[in-house]
Amino acid sequence: YGLYDYLRNSIQQLELPKRKAALIVPAFETLHYRLTFPKSKAELLSMLDMGSLYTFRYHVWPKGHAPTDYAKWRTATVPYRVAWQPDFEPYVVVRRDCPRYDQRFVGFGWNKVSHIMELDAQEYELLVLPNAFMIHMPHAPSFDISKFRLSAGYRGCLQTLREEFHQDLSRRYGAAALKYLTAERSL
């Protein structure tokens, strides 16, 4: 409730049109098909504490959203900066003139990860909004995630595309892009 207005106000207060920043909207999820959506951060925190909500994908892919620093978010009252980490794939609000998603990553896998890497390579600030949140609702698996899970060929193609993407980052950003390749190899 009120997310649109909160985002508009945050964009103005943080002077987003004048700076390179990605506003991170912390993501949560429920395993229930019916949910009374929390009307405030306080309600959401209560639901987290009761176990009816969880931080997004904490049980299957914690690396995807861990850099959001949910422990800090619980008590945050002002936006805070986080650092890029491997496999970070937050939901973000960015200026229209930001780098576009890499079209190689359609379907399932690495669309948001590659986008955040590109934003980081271009020195965007990654700012977590203290009073914003979204909730992922359960749904049937997509056709593409099913292909990813069942097809070694699909996963192999995705790996090839990831390697190409790393090479492209290295060409565009030089030594500054080495941290992405180093992070990938250490996983």
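1. The largest pocket has a volume of about 970 Å³. On a 1 Å grid over the protein atoms alone, a pocket is an open set of points with protein on both sides within 12 Å along at least five of seven lines. Its volume is the space filled by probe spheres (1.4 Å probe) set on the points, with grid points joined across faces, edges and corners.

2. This is a predicted model, in which local features need pLDDT of at least 70 and side-chain atom pairs count only at pLDDT 80 or more, while totals for chains, interfaces and linings use all residues. Residues are numbered from 1 along each chain as its sequence is written, and side-chain values use heavy atoms, with hydrogens and water left out.

3. The lining of the largest pocket comprises 31 residues, and R57, E89, F108, I145 and R149 lie nearest its centre; a lining residue has an atom within 4 Å of a point. Two or more residues each come from α4, α5 (143-150) and α6, and α6 gives the most, with four residues. Helices are DSSP runs of H or I with at least four residues, strands are runs of E with at least two, and both are numbered from the N terminus. By class, the lining has 14 nonpolar, nine polar and eight charged residues. Here Ala, Val, Leu, Ile, Met, Phe, Trp, Tyr, Cys and Pro count as nonpolar, Asp, Glu, Lys and Arg as charged, and the others, Gly among them, as polar.

4. Helix α4 (residues 111-121) and helix α6 (residues 152-173) have axes that come within 11 Å and cross at roughly 10°. Axes are lines fitted to C-alpha atoms, for helices over the stretch in contact, and angles run from 0 to 180 degrees between N-to-C directions. The crossing angle therefore makes α4 roughly parallel to α6, a term for angles under 35 degrees. S114, M117, E118 and A121 of α4 make the contact with F165, H166, L169, R172 and Y173 of α6, where contact means heavy atoms within 4.5 Å. This contact has five nonpolar, two polar and two charged residues.

5. The axes of α5 and α6 are 5 Å apart, and the two helices pack at an angle of about 95°. Helix α5 is therefore roughly perpendicular to α6, a term for 65 to 115 degrees. In α5, D144, K147, F148, R149 and L150 meet A152, Y154, R155 and L158 in α6. These residues divide into five nonpolar, no polar and four charged.

6. Strand β2 (residues 27-29) runs parallel to β7 and is joined to β7 by three bridges. E29 stands opposite H136 in β7.

7. Another open sheet has four strands in the order β4-β6-β1-β5, again with mixed pairing. Its edge strands, β4 (80-82) and β5 (91-93), each pair on one side only. Three bridges join β4 to strand β6 (residues 125-128), and these two run antiparallel. V82 stands opposite L126 in β6.

Key:
Angles under 35 degrees count as roughly parallel, over 145 as roughly antiparallel, 65 to 115 as roughly perpendicular and the rest as oblique. Two strands pair if DSSP finds at least two bridges between them.
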